[in-house]
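Open the model in your viewer and keep the selection tool at hand. This tour goes from the whole chain to single residues.

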Amino acid sequence: MRGTYNKHYFREINKQLIIIGLIFLTAVVMGTYLNKIWPDYQSKIVTSVNPIVEYYSSNISVRNIVMANLKSDISFMMGISLTALLVVTFPLALLNFLLKGISMGYTINSIILAMKLKSIKFILITISKNLIIIVGSIILILISINYIKEIVFELKKNKNKSNIKFLFSRYILNSIIVLAITIGLQALLNTVIISIIKFLVI
């Protein structure tokens, strides 16, 4: 019985993981078409790409760039964690997650259109500085989905306040662990990748 339960549980997690992954990829694809909506999209591409090139080509230290990205990552992950806490705010977590995908798709496509073959370095920056954050966000959303299911079950069946408090505390603890590990690993990856790219940008 336990083996059957575990198999069912892991199948459910895999299914949720695939669905959320596909949703994010869809958002990225949507983002690639955003810069074609406006008639003067070519000038908008240049406007979007130039600050990125200038920023990473400047004399700003790797530390300052990593710290700037770190602040953005903390803000994004905290937003996902807090909005995924309640049933009524959970859609906001998904919206925040989707906007991240759209933003990545828009940025990557703009860089490709503006820089052609030279775009690979900046695409690498865009992907690498979001890679672990996206994985962490997916884990947070999966944790939240299962947490919400358990909360709803408790409210419908038992309405045991101590169980609800326990679930709430467990979600907070899991979120803090995921957030700390994700941001730490992302900061480390950013440091390595940006240190390399700073020597390669033109």
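Helices (H or I, at least four residues) and strands (E, at least two) are DSSP runs, numbered from the N terminus. Read from the N terminus on, the elements run α-α-α-α-α-α.

This is a predicted model, where local features need pLDDT of at least 70 and side-chain atom pairs count only at pLDDT 80 or more, while totals for chains, interfaces and linings use all residues. Residues are numbered from 1 along each chain as its sequence is written, and side-chain values use heavy atoms, with hydrogens and water left out.

Stay with the whole chain for a moment. Of its 202 residues, 38% count as buried. Buried means under 20% relative accessible area, exposed over 50%, and partly exposed in between (1.4 Å probe, protein chains only). Take the contacts between residues at least 6 apart in sequence: 78% of them join residues at least 24 apart. Contact means heavy atoms within 4.5 Å.

**Stop 1: H3 and H4**

Select residues 62-83, helix H3, and residues 90-115, helix H4. Their axes come within 7 Å and cross at roughly 150 degrees. That makes H3 roughly antiparallel to H4. Angles under 35 degrees count as roughly parallel, over 145 as roughly antiparallel, 65 to 115 as roughly perpendicular and the rest as oblique. Axes are lines fitted to C-alpha atoms, for helices over the stretch in contact, and angles run from 0 to 180 degrees between N-to-C directions.

The crossing of H3 and H4 is left-handed. A crossing is left-handed if the near helix is turned anticlockwise from the far one by less than a right angle, and right-handed if clockwise.

Now show side chains. Phe 76, Gly 79, Ile 80 and Thr 83 in H3 meet H4 residues including Phe 90, Phe 97 and Lys 100. By class, this contact of H3 with H4 has six nonpolar, three polar and one charged residues. Here Ala, Val, Leu, Ile, Met, Phe, Trp, Tyr, Cys and Pro count as nonpolar, Asp, Glu, Lys and Arg as charged, and the others, Gly among them, as polar.

**Stop 2: H3 and H6**

At what angle do H3 and H6 pack? The angle is about 155 degrees, with the axes 10 Å apart. That makes H3 roughly antiparallel to H6. The crossing of H3 and H6 is right-handed. Among the residues making the contact are Val 62, Ile 65 and Met 77 of H3, and Tyr 171, Leu 179 and Ile 194 of H6. By class, the contact has 12 nonpolar, eight polar and one charged residues.

**Stop 3: the cores**

Select Met 77, Phe 97 and Tyr 147. These have the most contacts inside the largest nonpolar core, which has 28 residues. A nonpolar core is a set of buried Ala, Val, Leu, Ile, Met, Phe, Trp, Tyr and Cys residues joined through side-chain atoms within 4.5 Å. Helix H1 (2-34), H3, H4, helix H5 (120-158) and helix H6 (161-197) each supply at least two residues of this core. H5 gives the most, with nine residues.

Zoom in on Tyr 147. Not counting residues up to four places away in sequence, Tyr 147 touches Leu 85, Leu 167, Phe 168 and Tyr 171. A second, separate core of eight residues includes Phe 122, Ile 125, Ile 193 and Ile 197.

**Stop 4: two single residues**

Pick Ser 61, in the loop between helix H2 (41-57) and H3. Ser 61 is partly exposed, with a relative accessible area of 32%. Ser 61 and Ile 194 are 133 residues apart along the chain, yet their C-alpha atoms are separated by 9.8 Å.

Finish at Leu 189, in helix H6. Is Leu 189 buried or partly exposed? At 22% relative accessibility, Leu 189 counts as partly exposed. Leaving aside neighbours within four places in sequence, Leu 189 is in contact with Ser 128, Leu 131 and Ile 132.
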